[in-house]
Amino acid sequence: MKNNVGREISDEILNSTNYKPFETTEIGHPTVHYTGHDVRVTKGDDKLVDSLDQVIKDNLKDGMTISFHHHFRNGDYVFNMVMDKIIKMGYKDLTLAPSSLTGVMNDKVIEAIKAGTITNITSSGMRGSLGEAVSHGLLKNPVIFRSHGNRARSIENGNIKIDVAFLGVPNADRMGNANGMNGESALGSLGYALVDAQYANKVVLLTDTIVDYPNAPASIKQTQVDYVVKVDKVGDPDRIGSGATRFTKDPKELKIAKMVNDVIVNSPYFKNGFSFQTGTGGASLAVTRFLRQSMLDNDIKASFTCGGTTSPIVKLLEEGLVKKVMDVQDFDKGAASSMKSNPGQTEIDGSWYADPDNKGAMVDQLDIAILSALEIDTDFNVNVLTGSNGVIRGAVGGHQDAGTAKMTIISAPLTRGRIATVVPAVNSITTPGSSIDVLVTEVGVAVNPARKDLIEAFKKAPSIPLVSIEELQKRAEGIVGKPKPIEYTDRTVALVEYRDGTLIDEVKQIKD
């Protein structure tokens, strides 16, 4: 059957699972069940153990679910260290439930799938060789892609039941009090790991720095931790960004960024006390710089930013242009290292950031969100998960979550090389068009027809070249032509959940 954004959801999936098709972005006020979890009562005064191997042997069984966080991004050492041991010990049929999968993890995940160690994955995203392999059918069961807020929701309500969480931290004391701010491997906010620490049946901290007890402030507390394992090195903070936080010099990206800023400044939301979230790409960082100048020129201060934090956002905080940075993860070493000296940079967990089923998430208070897109179609549906060839190469991340902002802006070029960004229909839907208000490209700005208020506001701004999204799509097609249809098999390799747990799309296996 078709869901409410016109995507076909197979009867096989609906009949064999508890899924419901996506209907609406209006989640309402559901009554939800919050899961309980087992607690290991620790005897003695020390949780520090010498052997990671022994911890795995004592706690892991075939068929269990294991989790990791991705805060070290491509500087992560913990994931491959732990997974290598699990594979060699011969475990089978595990579910891998990390907050996301980064490129440095790809080879080890592929090895684990081929060995039969991993047969299920739930993640925010995947890229590179792993996305390629899964798109061609390597994994036994479909990957489940969830937004950051939906992951927190699913852990809290028991849809994801973590048996053992392996969490890399830059410091810990002998009882398991830990934070992300101190130590040679400091990563800043541990936001996405905090839900795992709270709800996993067993919590294993891996750290390269043991500090005196009691370690405070503690993001992860001794009341949550079962084991502390000392290792040589947990991560390289210099590789947290790995190019994601580059400052662009590209004229096209700068033009888009300036136009995004013009949209913000001429919107009804640009006023004292407004809130916003930006991304990490070159254009998004440039938006932050343009926005800073507009805030100075107009004597306007923001109440908060949320989501992933970058050095330019921290600069706004230090200059008094932003009152609070609600930080769920840090995208560069500068942002990570500033948390311990900036009281206005506040660590929040994934639930506080974006869980749609709790009693109030930060994204629910957002005025403006600036997001990216691999594709956007003429119904404003956005794809950030699959490439133009159908291969999985992205992440849901907080895209759906931040899409709840009062004004959600997609910042994207009209084309990338010979590939159109604005298309008649996206390959896969990540965020529904009803969440998207404005598309900014280098050749014009398209406003969702449902936002007549924004259309009227922008008509008064000479710097905003308004066009319809259909015009942009035709212009893109005129440049690159019509692509050949992608050939898929009938087999589903991934399920894309909306943030309330309904199915917004399926990703099919690519024909070899």
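**Figure 1. Helix α9 in the predicted model.** At 1.5 Å a residue, the 17 residues of helix α9 (residues 282–298) should span 24 Å, and the end C-alpha atoms are 25 Å apart, which agrees. The model shown here and in the other views is predicted. The buried residues of α9 are Gly282, Ala283, Ser284, Leu285, Ala286, Val287, Thr288, Leu291, Ser294 and Met295. These buried residues pack against several elements, including α8 (251–265), β11 (302–309) and α10 (311–318). After α9 comes Asp299, which has a positive phi, near 55 degrees.

**Figure 2. The interface of domain 1 and domain 2.** The domain assignment divides the protein into domain 1 (11–21 + 44–239) and domain 2 (251–481). To their contact, domain 1 gives 34 residues and domain 2 gives 31 residues. The centres of the two domains, taken over C-alpha atoms, are separated by 29 Å. Between them the domains bury about 2600 Å², with 55% of it on carbon and sulfur atoms. On the side of domain 1, Met181, Ser189 and Tyr192 lose the most area to domain 2, together 19% of what that side buries.

**Figure 3. Polar links across the interface.** Two salt bridges are counted between domain 1 and domain 2. Across this interface, 20 residue pairs are in polar contact. Among the elements of domain 1 that each supply at least two residues to the side touching domain 2 are α5 (128–135) and α7 (191–199). The largest share of that side, six residues, comes from α6.

Figure 4. The side chains of Asp84 and Lys108 form a salt bridge, 2.9 Å from N to O. Asp84 lies in helix α3 (residues 78–88) and Lys108 in helix α4 (residues 106–114), so the pair ties together parts that are 24 residues apart in sequence. Both residues, Asp84 and Lys108, are buried. A network of salt bridges links Asp84, Lys88, Lys108 and Glu111.

**Figure 5. The salt bridge of Arg499 and Asp401.** The closest N and O atoms of Arg499 and Asp401 are 2.9 Å apart in this salt bridge. Arg499 lies in the loop between β24 (488–497) and β25 (503–510), whereas Asp401 belongs to helix α13 (residues 399–402), so the pair ties together parts that are 98 residues apart in sequence. Arg499 and Asp401 are both buried.

Figure 6. Glu456 and Lys459 meet through their side chains in a salt bridge (3.4 Å, N to O). Being three residues apart in helix α14 (residues 452–459), these two residues are separated by about one helical turn. Glu456 counts as partly exposed, at 45% relative accessibility, and Lys459 is exposed, with a relative accessible area of 56%.

Notes
Residues numbered from 1 in each chain as written. Predicted model: local features only at pLDDT ≥ 70, side-chain atom pairs only at ≥ 80, totals over all residues. Heavy atoms only, no water. Helix = DSSP H or I, 4+ residues; strand = E, 2+ residues; numbered from the N terminus. Expected span 1.5 Å × (residues − 1). Buried < 20%, exposed > 50% of the residue type's maximum accessible area, 1.4 Å probe, protein only. Contact = heavy atoms within 4.5 Å. Domains from an automatic or database assignment. Buried area = accessible area lost by both parts, 1.4 Å probe. Salt bridge = Lys/Arg side-chain N within 4 Å of Asp/Glu carboxyl O. Polar contact = N/O pair within 3.5 Å; in protein donor to acceptor, adjacent residues only side chain to side chain.
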